[in-house]
Amino acid sequence: MHSLKTRIQQDGIVLSDEVLKVDSFLNHQVDPELMKEMGEEFCRRFQDKKITKVLTLESSGIAPALFTALNLGVPLIFARKRKSLTLNEDILTAEVYSFTKQETSTISVSKKFLNQDDHVLIIDDFLANGQAGLGLIEVVTKAKASISGIGIVIEKAFQNGGELLRDTGYQVESLARISSLENSTVSFLEEEVTV
Ligand code: 5GP
């Protein structure tokens, strides 16, 4: 997605050879116009899949996932990272190791929002080592729902998550695929951005 790649080049901050900060348009301050475009693009890429629910992980996946759900005309569910006091009903859980926080957390979704008739599109902001994606797959599998695909905003293609998720056989679509963050420079896997 050209506008996303341009925005990453303009406003992304390379924190290290492995971590990109995009808090000015995705992870803290959020650009609604860009989210709207992402929603339309994910919808276009998965529109023939008869999706019934969009599933993401709080909090940074919510903005792009919400616009995707709006375009597909289906509800959005966000998996919670912490146990909520109000989430005391039957829950589906998975353990997820966070690449950025270097800690394991339990993600959970209430059983009442996912069932065997659902066709779920998983959306997340970043794909690094694939642990968040695998955790969300596990939750959907535990609900006996089916997975229609996985949509990622920014894939760091030099880490192994992309391979791990594609090896599951599901359709994985990334809006921007970064091949390297070395020398404080963002390089993309496909065509370079022409600003
Ligand atoms: P994974 O589970 O694929 O290893 O990592 C994905 C999760 O870690 C994403 O949900 C995202 O929150 C976080 N993450 C991974 N790499 C980055 C990064 O380079 N920048 C930011 N901002 N978040 C990242």
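1. R177 belongs to strand β9, residues 172-180 (strands are DSSP runs of E of at least two residues, and helices are runs of H or I of at least four, both numbered from the N terminus).

2. The model is predicted: local features need pLDDT of at least 70 and side-chain atom pairs count only at pLDDT 80 or more, while totals for chains, interfaces and linings use all residues. Residues are numbered from 1 along each chain as its sequence is written, and side-chain values use heavy atoms, with hydrogens and water left out.

3. Apart from neighbours within four places in sequence, R177 is in contact with E155, R166, S187, F188, L189 and E190 (contact means heavy atoms within 4.5 Å). F126 is 51 residues from R177 along the chain, and their C-alpha atoms are separated by 10.0 Å.

4. The ligand is surrounded by 16 residues, of which the closest are L20, N129, G130, A132 and K156 (a residue counts here if one of its heavy atoms lies within 4 Å of the molecule). A polar backbone atom of G130 is 2.7 Å from an oxygen atom of the ligand, and a polar backbone atom of A132 is likewise 2.7 Å from a ligand oxygen atom. With N27, a polar side-chain atom lies 2.9 Å from a nitrogen atom of the ligand.

5. F99 sits in the loop between β5 (91-98) and β6 (103-110). Leaving aside neighbours within four places in sequence, the contacts of F99 are E18, V19, A128, N129, K156 and Q159. N129 and K156 are also among the residues closest to the ligand. F99 and I147, 48 residues apart in sequence, are 23 Å apart in space, C-alpha to C-alpha.

6. Helix α2 (residues 32-46) and helix α3 (residues 62-72) have axes that come within 7 Å and cross at roughly 50 degrees (axes are lines fitted to C-alpha atoms, for helices over the stretch in contact, and angles run from 0 to 180 degrees between N-to-C directions). α2 is therefore oblique to α3 (under 35 degrees is roughly parallel, over 145 roughly antiparallel, 65 to 115 roughly perpendicular, and the rest oblique).

7. P32, M35, K36, M38, G39, E40, F42 and C43 of α2 meet A63, P64, F67, T68, N71 and L72 of α3.

Technical notes: A polar contact is a pair of N or O atoms within 3.5 Å; within protein, one must be able to donate a hydrogen and the other to accept it, and residues adjacent in sequence count only if both atoms are side-chain atoms.
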